[in-house]
Amino acid sequence: TWAWWDRYRASFVNVVLGKHEVAARMVDKLIETERDPENFAMAAFTHQQIGNAEQAAAYIEEGRVTIDEFIELHGESTEVIVWIAMFYAVAEQADDVIRSLDKAYELGYRDHAYMGYMPLFDSVRNDPRYIEIVRQMRTDTERMRERVDTARKTGDWESLLSDYLDI
């Protein structure tokens with residue numbers, strides 16, 4: 001069933017809209033069944049926003065444990081590194097956020113849109129290093145779109161793919 005996804009989206013929308021008390025209740029309920037690191041980061045953020053520092057700290061700790069478990073099962077990925085950056089952002093550890101996002105970028109993470117609207121990164125949103133990482137992601141995405149458009153027009157997919165495949 002996709003009911004958990006609907007609950008996640010609804011809680012996320014409330015976070016984006018700044019309805020932190022509503023989002024906190026929703027994500028608390030979501031965590032009962034979906035112990036996903038991103039859910040813990042969102043829960044920590046919402047509880048922090050409503051002044052519940054103790055619960056926020058507990059969610060940060062529980063989320064970090066969940067990330068370790070996820071890495072043990074699935075390995076490290078750019079998504080996991082971004083989750084780690086989220087926890088650092090909620091904890092307002094800017095240097096660690098930037099280090100994590102630099103690593104995710106180096107490994108290929110390019111979701112600049114997500115980085116642009118995700119409130120969990122508000123603590124670093126105005127940091128010039130964060131702004132530069134998001135700018136690089138956007139620039140890389142735009143360049144790739146241009147290359148894909150050129151390949152569509154010319155039919156030369158081989159030159160596009162040769163950068164990524166051993167051909």
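Contact here means heavy atoms within 4.5 Å, and helices are DSSP runs (H or I) of at least four residues, numbered from the N terminus. The model is predicted: local features need pLDDT of at least 70 and side-chain atom pairs count only at pLDDT 80 or more, while totals for chains, interfaces and linings use all residues. Residues are numbered from 1 along each chain as its sequence is written, and side-chain values use heavy atoms, with hydrogens and water left out.

Which residues of α4 are buried? They are Ala56, Tyr59, Ile60, Gly63, Thr66 and Ile67. These residues cover an arc of only 135° around the axis, which puts them on the same side of α4; the arc is that of the directions from the helix axis to the C-beta atoms. On the other side of α4, Glu54 and Glu72 are exposed. After α4 comes Gly75, with a positive phi near 85°.

## The nonpolar core

The largest nonpolar core holds 41 residues. Such a core is a set of buried Ala, Val, Leu, Ile, Met, Phe, Trp, Tyr and Cys residues joined through side-chain atoms within 4.5 Å. Val82, Met86, Leu101, Met115, Leu120, Phe121 and Tyr130 touch the most other members. Among the elements that give two or more residues to this core are α1 (3-16), α4 (53-74) and α8 (128-154). The most comes from α5, with 9 residues.

## Tyr130

Tyr130 lies in helix α8 and is buried, with a relative accessible area of 3%. Beyond its neighbours within four places in sequence, Tyr130 is in contact with Ile98, Leu101, Met115, Gly116, Phe121, Val124 and Arg125. The side chain of Tyr130 also reaches the backbone oxygen of Met115 at 2.4 Å.

## Salt bridges

The whole structure has 12 salt bridges, each a side-chain nitrogen of Lys or Arg within 4 Å of a carboxyl oxygen of Asp or Glu. One of them joins Arg125 and Asp122 (2.9 Å, N to O). Arg125 is partly exposed, at 21% relative accessibility, and Asp122 is partly exposed at 42%.

Another joins Glu32 and Lys29 (3.4 Å, N to O). Both lie in helix α2, 3 residues apart, about one turn of the helix. Glu32 counts as exposed, at 57% relative accessibility.

Note on methods
Buried means under 20% relative accessible area, exposed over 50%, partly exposed in between (1.4 Å probe, protein chains only). A polar contact is a pair of N or O atoms within 3.5 Å; within protein, one must be able to donate a hydrogen and the other to accept it, and residues adjacent in sequence count only if both atoms are side-chain atoms.
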